[in-house]
Amino acid sequence: MQTIKKLSATFIFILASFFAIAEETVTKPTAQSSSSFDVDTVLVICIGILAVVIISLANTLLFAMKFHKKPTTSNTTKTLMLITCVFISAATIAQTTDAPAKIEAAVEHVSGFRMLLYAIVIIELAVIFALNWMIKLLLKPDANAATVLDTKRASSFNFKKIWNKLNKFKPIEDEASLDTGHVYDGIRELNNVTPPWFTIAFLLSIVFAIVYLYRYHVAHSAPLPEQEYAIEMQEAEQQHTAYLKTQKNLVDENTVTMLGADGIAAGKVLYQTNCFACHGKEGQGGVGPNLTDDYWLHGGSIHDVFKSIKYGWKDKGMQSWESIFSPVQIQQISSYIKSLRGTKPAGAKEAQGELYVEAKDTNASAKDSSANKQEKTK
Amino acid sequence: MQLQKFSYDNRIPKMFAIATMFWGAIGMLVGVLAAFQLAFPALNFGLPFTTFGRVRPVHTNAVIFAFVGNGIFTAVYYSLPRLLKTSMWSNKLSKIHFWGWQLIILVGAITLLMGYTSSKEYAELEWPLDIAIAIIWVIFGINMFGTILTRRERYLYVAIWFYIGSWVTVAMLHIVNSFELPVSFFKSYSWYAGVQDALVQWWYGHNAVAFFLTTPYLGLMYYFLPKAANRPIYSYRLSIVHFWSLIFLYIWAGPHHLLYTALPDWAQSLGTAFSIMLLLPSWGGMLNGLFTLRGAWDKVREEPVLKFFVVAVTCYGMSTFEGPMLSLKNVNAISHYSDWTIAHVHVGALGWNGFLTFGMLYWLIPKLFNTKLYSKKLASTHFWIGTLGIVLYAIPMYWAAFRSYFMMKAFTPAGQLQYQFIDVVQSIVPFYVLRAIGGTIYLTGVLVMVYNLVKTAKQGKFVATEEAEAPALEKNYKSPVGSFWHAVIERKPIMLLTLSLIVVGIGGLVEMVPTFLIKENVPTITSVKPYTPLELQGRDIYIREGCSNCHSQMIRPFRYEVARYGEYSKAGEFVYDHPFLWGSKRTGPDLAREGGKNADSWHFNHMLEPTSMSPGSIMPAYPWLFENDVDVATTNSKIYAMRKMGVPYPDGYESQANKDLHEQANKIATNLKKDKIQVDSKKEIIALIAYLQRLGKDIKTGETSSNNISANN
């Protein structure tokens with residue numbers, strides 16, 4: 001059961017991270033001036049990774065020294081080397097953090113900054129080669145014995161071995177050598193090394209945090225929430241315009257016309273799932289006004305009704321339905337509402353607003369605006 | 001060296017263990033009720049004190065402070081004396097601590113059900129209880145430090161570092177977050193407003209998880225896991241690394257609860273960055289726990305105690321991996337306000353806290369009663385039932401979260417929202433049912449455990465005290481030359497305490513001080529005005545009924561949120577919100593721009609019978625709001641308190657406030673009359689409508705219907 005749980009959880013996380021990556025790539029192209037900074041970011045990440053490699057190589061080197069009997073590897077050289085390594089990696093990290101301040105000052109220096117980053121990468125690579133070379137040199141005298149051992153081990157390749165290596169486990173039999181001597185109420189403490197992957201991952205997470213803050217607040221190469229929003233809205237706008245081009249019979253409050261029986265039937269369905277709570281099942285009114293009489297608060301032409309549905313009357317509790325219904329759907333609902341005129345349902349609400357006289361269609365828009373004016377003076 | 005005789009007291013740990021089981025069962029039962037209420041609104045019973053908005057805080061508080069809290073104290077009172085070779089410093093203080101804590105829980109539950117709440121999550125209890133908690137916490141601290149200072153063990157074991165770090169941080173969090181101005185005996189307003197209140201609250205809220213649910217339990221693990229497995233702790237240096245890095249980094253992570261909100265961007269980014277760095281220090285605890293079991297895995301297969309511990313530690317690893325992922329902005333966009341967060345905390349609470357507690361109890365009770373566990377088989381059954389419960393709880397919630405996210409953000413090609421809020425709610429109700437079943441199964445497991453442990457106690461004989469002897473510590477001790485630097489800290493508890501406080505203080509200071517002092521972090525909006533007296537009363541009703549448990553008031557800058565709820569929220573809109581009411585979960589729609597969206601009569605009908613206006617709604621009905629009168633006697637002190645905190649009511653407005661209140665109430669009543677609704681303008685519903693109709697109306701920018709608004713004016 002537990003494994004299923006773990007698996008599914010991991011699956012979800014992987015899914016989520018893929019999703020996150022996908023979304024990131026979606027937003028990236030439109031982010032302003034991202035390309036020039038992204039190279040820097042990648043470089044900074046590379047520097048971080050290389051620094052970690054250097055640290056682990058330095059560790060290996062020290063480890064290799066322990067087994068090397070040459071008298072030249074005295075303690076002083078060891079510490080010297082360690083200090084150099086630490087210094088170099090610390091320096092690289094320090095540079096990644098304070099360099100951004102310089103870049104901010106003048107845009108022209110961007111290329112100079114990048115040169116610096118390249119220089120750091122090259123230095124780091126050089127250090128890695130040097131470390132590699134030293135490790136090889138140290139291991140050479142015992143090369144024969146080592147290779148024999150290695151091939152023997154490699155033949156019995158298994159997961160447990162990798163796991164042990166990954167965590168730098170010592171055999172349980174050797175536990176006594178790790179004992180700290182601490183005993184608390186019978187609880188002893190060993191002093192195993194922290195698993196190397198743990199240390200590396202911790203360092204990487206710190207690099208991530210630095211890069212994250214750098215990208216958002218120094219380089220401004222990643223969009224902050226409001227910028228993201230602007231990008232998202234811009235894209236939606238583009239999609240919408242593209243969509244509109246493919247559409248023919250679009251309606252708005254100026255062009256809307258009364259639909260036939262089919263349209264009215266469709267409007268009825270929409271009405272009875274969305275509007276009835278306030279305007280009653282038969283349009284008799286309740287929370288909202290009666291829709292069957294000749295009195296209208298905001299004009300009674302199909303244009304006015306369309307407009308009221310589309311934009312709402314916020315101060316009166318009529319919400320805007322623009323983000324929920326398509327123009328055609330609003331036309332259908334408007335047509336249905338107009339078809340209710342004079343049905344006199346039971347429990348109808350008393351008249352509200354102005355008397356609306358059905359006009360000839362040609363005068364409708366003029367009439368609408370005058371209705372609006374009356375509303376304003378109220 | 002002369003041996004000194006002393007004894008370990010088992011009565012206090014026993015009392016705390018019983019309280020743990022008792023409150024655990026109660027807290028989970030309340031949780032099961034709340035879970036079923038979301039699927040079947042009839043279970044709200046139409047009574048104020050059984051309604052979800054009041055029940056949910058009882059569940060969270062009971063489980064955190066009563067179940068886990070008593071679990072912590074059980075562990076501390078059992079392990080601390082033994083790790084220090086001394087008895088607890090004061091038996092009297094132990095007793096005051098025990099009974100004081102239980103009393104706070106009881107009074108807390110009652111007052112929460114009565115509607116006395118500060119609305120700040122996991123800090124809902126009102127000010128008299130906040131003071132009581134502080135006193136009891138200090139008593140606990142005195143007793144703990146008294147014990148530590150009279151110890152016969154030179155160095156402090158890692159479990160004690162965690163106890164000390166947790167104690168001092170919880171004290172700091174509780175005091176800072178509870179700054180509130182009382183208006184009456186059970187009503188207060190948060191000292192902070194809006195964005196600042198939100199920041200303080202989630203600095204607290206996140207670290208309630210960190211320093212109440214996590215670090216003390218790590219201490220617990222460090223004692224009981226090696227005891228039960230009879231294995232040495234894997235790595236002393238890993239303990240050091242993960243202890244200090246964990247407490248340092250944890251405190252910064254609070255703002256990840258406020259991503260994409262009106263919190264300043266830099267604070268949000270800090271929250272994310274530090275949450276990512278938090279992953280490995282958290283895993284340090286998991287690794288030290290699991291690797292301690294190296295060489296004892298054969299025992300794990302047989303010993304239920306170890307089974308519980310292994311799953312607990314694994315769940316800890318899973319949720320501390322999930323946490324940093326959730327704090328990445330892209331992931332958080334999905335999870336925030338959704339059931340994903342609920343799933344996440346329950347993997348932690350049911351898995352880590354629950355299972356660690358059960359493991360401890362299965363180990364401890366037989367020890368206390370000098371016997372063997374009544375039935376290993378039953379304990380194993382409990383283990384499987386519990387695991388199944390967690391799985392059945394979590395998966396439907398994950399599913400529901402993704403489902404609702406994809407539905408919420410779906411647009412038609414024509415640019416309309418594809419689904420309305422109610423469609424989403426209805427589509428995830430089945431998952432609420434599954435989740436409630438998962439919770440019930442988990443609770444059943446707990447009851448099995450209680451039965452098993454009662455039987456165990458009955459077959460044994462309680463050992464009230466255990467005699468022990470050890471030499472006293474020499475005075476004028478000097479560390480041997482070349483000893484490890486950290487050892488110095490380990491033998492100086494006050495130094496450890498001070499260092500912990502400094503380490504945890506940094507993050508809070510860096511995040512909070514600029515937010516409070518630098519004006520541009522909360523840009524002022526001149527059109528934002530204080531609430532009218534009636535709206536203020538309505539707001540307090542909103543708080544009392546726990547509306548913010550299901551309704552957020554914070555629209556994030558996403559297209560689908562803006563299309564659904566209106567213009568996204570700005571920091572300057574909340575400057576008079578003592579406390580902030582942004583919420584953390586959207587079981588119902590966001591209300592930040594509710595004002596004017598629906599008619600007064602719509603709200604009237606909706607509060608009386610939600611399904612009449614919103615078919616398929618799972619919101620409970622609030623019939624009592626139509627019977628109770630607004631308590632106008634409090635208006636005066638409320639206005640006064642608000643002005644004290646800088647809300648710009650004119651001087652002497654108190655005397656005029658109730659006149660304005662009645663005027664506005666009459667207006668609403670007249671408005672309702674137009675829609676054939678007769679109601680006394682003194683009723684609470686009028687105040688609530690006034691508040692709801694005010695929400696989000698102070699700014700009117702960038703709305704899709706802006707042309708309409710200008711025409712209307």
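Biologist: What does B:Leu361 touch, leaving out residues up to four places away in sequence?

Modeller: In this predicted model, B:Leu361 touches B:Ala17, B:Met21, B:Met449 and B:Leu453.

Biologist: Which residues have the most contacts inside the largest nonpolar core?

Modeller: They are B:Phe309, B:Ala312, B:Leu361, B:Met397 and B:Leu688. The core itself has 274 residues.

Biologist: Which helix gives that core its largest share?

Modeller: Helix H6 of chain B, residues 194-229. It supplies 23 residues.

Biologist: You listed B:Leu688. Is B:Leu688 buried or exposed?

Modeller: Buried. B:Leu688 sits in helix H23 of chain B, which spans residues 684-694.

Biologist: How many residues of H23(B) are buried?

Modeller: 11 of its 11 residues. Among them are B:Glu684, B:Gln693 and B:Arg694.

Biologist: What do the buried residues of H23(B) pack against?

Modeller: Three helices of chain B: H17 (533-544), H19 (600-608) and H22 (654-674).

Biologist: And what follows H23(B)?

Modeller: B:Gly696 does. Its phi is positive, near 75°.

Biologist: Switching to domains. How is chain B divided?

Modeller: Domain 1 covers 10-469 plus 484-511, and domain 2 covers 533-698. Their C-alpha centres lie 33 Å apart.

Biologist: How many residues of each domain are in contact with the other?

Modeller: 41 from domain 1 of chain B and 48 from domain 2. On the domain 1 side, helix H2 (52-84), strand S2 (180-184), strand S3 (187-190), H6 and helix H14 (421-459) each supply at least two residues.

Biologist: What classes of residue does that domain 1 side have?

Modeller: 21 nonpolar, 14 polar and six charged.

Biologist: Now the two chains. How many residues of chain A are in contact with chain B?

Modeller: 64 residues of chain A, against 72 of chain B. Several elements of chain A give two or more residues to that side, including helix H1 (2-27), helix H8 (196-217) and helix H9 (225-246). Strands S1 (179-184) and S2 (187-190) do as well.

Biologist: How do the residues on that side of chain A divide?

Modeller: Into 33 nonpolar, 19 polar and 12 charged.

Biologist: What scores does the predictor give the complex?

Modeller: An ipTM of 0.91 and a pTM of 0.82. Chain B averages a pLDDT of 93, and 98% of its residues score at least 70.

Biologist: Where in chain B does pLDDT stay under 50?

Modeller: Over residues 701-713. The model has 19 contacts beyond four places in sequence for that stretch.

How values were computed:
Residues numbered from 1 in each chain as written. Chains lettered and ligands numbered in written order. Predicted model: local features only at pLDDT ≥ 70, side-chain atom pairs only at ≥ 80, totals over all residues. Buried ≥ 20, exposed ≤ 12 C-beta atoms within 10 Å, placed from the backbone. Helix = DSSP H or I, 4+ residues; strand = E, 2+ residues; numbered from the N terminus. Contact = placed C-beta atoms within 7 Å. pLDDT = per-residue confidence, 0-100. Core = buried A, V, L, I, M, F, W, Y, C linked by C-beta atoms within 7 Å. Nonpolar A, V, L, I, M, F, W, Y, C, P; charged D, E, K, R; others polar. Domains from an automatic or database assignment.
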